[in-house]
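Hi everyone, thanks for coming. Please take a moment to look at the chain on the screen before I start.

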Amino acid sequence: AIGYVGYRLFQGKAYVPLANEIYYKIASFWAEHVSEPLQSIYRELFTKRGREDVTDRKARQVAIQVLQRMIKSWLEEVYPKMPEAERNERASNMDLSLIEAAKEYSVKN
């Protein structure tokens, strides 16, 4: 049965797409799981460039800005009479004390 399948594959050149697919799968596996990690390790250990974490810093900065906007929005809704300067300061300092107090109160009641 295996011999017959092999014969049919090689007889009509049906093996060409199969061989191409196998080649691309092996190449992408090699690049993703072997080559790229080895290059990253080499760069980190043996070059002055070191680890590239630009996206991590950028993502952190974006998350901080989003949190600050969320805090300011919450303060505007819950404490509309609070002075604008105090709202801005609490938001920029990411002061969650009022939010935590409101959550504690809502859990208790």
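First, some ground rules. This is a predicted model, in which local features need pLDDT of at least 70 and side-chain atom pairs count only at pLDDT 80 or more, while totals for chains, interfaces and linings use all residues. Residues are numbered from 1 along each chain as its sequence is written, and side-chain values use heavy atoms, with hydrogens and water left out.

So, what is the chain built from? There are five helices and zero strands; these are DSSP runs, H or I of at least four residues for helices and E of at least two for strands, numbered from the N terminus. The radius of gyration of the chain is 29 Å, well over the 13 Å that the globule rule gives for 109 residues, so the chain is more spread out than a compact globule. That radius is taken over C-alpha atoms, and the rule is 2.2 Å times the number of residues to the power 0.38. The C-alpha atoms fill a box of roughly 85 × 45 × 25 Å along the principal axes.

How much of the chain is buried? Buried residues make up 8% of the 109 residues, where buried means under 20% relative accessible area, exposed over 50%, and partly exposed in between, with a 1.4 Å probe and protein chains only.

Now to our first stop, isoleucine 26, which is in helix α2, residues 15–46. Why does isoleucine 26 count as exposed? Because its relative accessibility is 56%.

Next comes arginine 87, in helix α4, residues 84–92. With 8% relative accessibility, arginine 87 counts as buried. Its side chain makes a polar contact of 2.5 Å with the side chain of glutamate 84, and also reaches the backbone oxygen of tyrosine 79 at 3.4 Å. A polar contact is a pair of N or O atoms within 3.5 Å; within protein, one must be able to donate a hydrogen and the other to accept it, and residues adjacent in sequence count only if both atoms are side-chain atoms.

Serine 97 is partly exposed, at 36% relative accessible area, and a polar contact of 2.8 Å joins its side chain to that of aspartate 95.
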